[in-house]
Amino acid sequence: MENPAAPFHLHAISPCDGRYADKTAPLREYFSEWALIRYRLRVEIEYFIALCGFDIPALAAFPKEKFEDLRNLYRNFSDADAQEIKEIEKTTNHDVKAVEYFIKARFEKWSLQEFEEFVHFGLTSQDINNTAQPLMLKEGLENAVLPALQSVIDKISEKAEEWSQVGMLARTHGQPASPTILGKEMLVFVERIYSQLQLLASTPHSAKFGGATGNLNAHYVAFPDKDWVGFANRFVKEHLGLERYQTTTQIEHYDNAAAIFDAMRRVNTILIDFCRDVWTYVSMDYFKQKIKQGEVGSSAMPHKVNPIDFENAEGNLGVANALFTHLSMKLPISRMQRDLTDSTVCRTIGLPMAHSLIAYKSLEKGLGKLLLHQESFEQDLENNWAVVSEAIQTILRAEGFPHPYEALKALTRTGNKITKETIHDFIDHLDVPSPLKERMKRITPQNYTGFYGAHPESISQRIEDCKRHNA
């Protein structure tokens with residue numbers, strides 16, 4: 001590095017801690033090395049406190065007033081504390097053991113050495129890692145990632161309600177199709193994301209806590225008359241707020257973690273779909289974008305205002321999904337009672353969360369810049385009178401008119417431009433009663449918008465239903 005005094009982020013390898021460091025900063029509390037050490041410390045301390053309440057004679061004299069001092073070790077965890085643990089690790093060459101020794105050093109400082117061997121009592125490293133990491137994931141999602149996602153959902157919901165009466169030419173296979181409502185097309189994504197969030201919420205955050213090979217061997221050999229399974233279940237549930245796997249090897253199965261990663265990937269896939277749709281609408285001139293003074297759209301073409309926020313979001317969502325895919329496919333696989341491949345992979349859990357967070361913030365920013373270009377919507381509808389042919393042939397079907405589909409097909413596939421006059425001339429030559437002709441003539445591309453066109457208030461109602469089901 002030519003300039004050691006340059007800001008750290010300029011030398012970061014990952015853009016999550018470099019270019020986008022300001023956007024991902026909230027995740028450091030949950031997915032950094034510092035955070036992992038603190039969560040391990042939290043589990044070790046809560047475990048010791050739980051043991052003190054489990055009627056173990058050797059712990060009966062432990063002063064209960066020291067519980068808060070113990071908890072303050074992780075509540076007030078500092079960079080200096082983390083560095084102290086990393087220094088211990090240089091000697092132990094074992095990250096979890098370093099946390100254990102850090103706590104024991106405090107016991108010695110407080111003249112409580114007689115109790116220090118009950119720190120990490122009967123445990124293997126994965127009893128700490130496989131509780132700390134699910135807890136990190138749970139709290140990182142709840143406190144940082146999902147609130148950012150909710151802001152995106154709220155923004156799309158606002159647009160859905162704002163545009164609840166904006167008619168729009170639909171396109172299926174890229175071709176003009178039966179008109180729709182722009183707000184309803186936004187609602188599609190709101191409903192899809194909320195559906196996935198329901199599945200995500202139903203997946204428990206699970207932990208492994210059962211000793212070297214999942215059988216609580218050391219616990220039972222030391223105190224064979226104790227209900228260690230009940231203790232483990234209560235500890236994981238009441239002290240950590242997680243669900244304990246009942247039957248494990250040395251490590252957790254990661255099956256529920258994989259389900260969480262898959263749920264996040266599905267949410268992100270929906271948002272990729274959204275990004276591409278909005279990008280296309282911008283290219284079709286359906287949307288303009290607010291211009292910020294001083295910003296450059298293109299280094300060569302001064303007129304350009306590019307949909308960069310949606311492009312940035314799409315790119316980051318794709319990277320996140322690639323990582324989520326690897327996590328969900330790799331972590332549930334471990335040779336026999338364990339191998340170490342999960343250890344290094346688990347350290348990357350924060351990366352897809354970071355790329356997701358970057359994408360969510362870009363999406364929120366992009367949505368805030370969209371300006372409806374009403375004229376483009378109206379012109380598109382007016383230029384595509386052929387789309388009312390579905391309405392006309394359906395009414396004729398209902399009236400028993402012979403072969404209406406074929407008649408409209410012959411009309412609309414001549415290669416000639418279909419206009420209002422073309423449609424009305426066709427209707428005038430039909431052998432049907434005049435009131436029916438008048439009814440069909442009242443149909444336009446602008447008003448042939450179905451349920452949501454007739455009931456724009458239903459968009460807001462559906463959004464409220466989704467919110468209520470996800471509360």
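This is a predicted model: local features need pLDDT of at least 70, side-chain atom pairs count only at pLDDT 80 or more; totals for chains, interfaces and linings use all residues.

Colleague: What describes two packed helices?

Modeller: The angle between their axes, together with the distance between the axes. Here, helix α3 (residues 33–52) packs with helix α5 (residues 79–92) at an angle of about 80 degrees, and their axes are 10 Å apart. Angles of 65 to 115 degrees count as roughly perpendicular, so α3 is roughly perpendicular to α5.

Colleague: Which residues of α3 and α5 meet?

Modeller: From α3 come Glu 33, Trp 34 and Ile 37, and they meet Asp 79, Ala 82, Ile 85 and Lys 86 of α5. Sorted by class, that contact has 4 nonpolar and 3 charged residues, with no polar ones.

Colleague: Now the empty space. What shows where it is left?

Modeller: A probe the size of a water molecule is rolled over the atoms. In this model the count is 1 cavity of 30 Å³ or more. The largest cavity holds about 100 Å³ of space.

Colleague: How many residues line the largest cavity, and which lie nearest its centre?

Modeller: There are 15 lining residues, and those nearest the centre are Pro 134, Leu 137, Glu 252, Tyr 254 and Ala 257. The elements giving two or more residues to this lining are α7 (125–162) and α11 (255–283). Helix α11 supplies the largest share, 4 residues.

Colleague: What is the lining of the largest cavity like by class?

Modeller: It has 10 nonpolar, 4 polar and 1 charged residues.

Note on methods
Residues are numbered from 1 along each chain as its sequence is written. Side-chain values use heavy atoms; hydrogens and water are left out. Axes are lines fitted to C-alpha atoms, for helices over the stretch in contact, and angles run from 0 to 180 degrees between N-to-C directions. Angles under 35 degrees count as roughly parallel, over 145 as roughly antiparallel, 65 to 115 as roughly perpendicular and the rest as oblique. Contact means heavy atoms within 4.5 Å. Ala, Val, Leu, Ile, Met, Phe, Trp, Tyr, Cys and Pro count as nonpolar, Asp, Glu, Lys and Arg as charged, and the others, Gly among them, as polar. On a 1 Å grid over the protein atoms alone, a cavity is a set of points where a 1.4 Å probe fits but cannot get out, and a pocket is an open set with protein on both sides within 12 Å along at least five of seven lines; lining residues have an atom within 4 Å of a point. Grid points are joined across faces, edges and corners, and a volume is the space filled by probe spheres set on the points.
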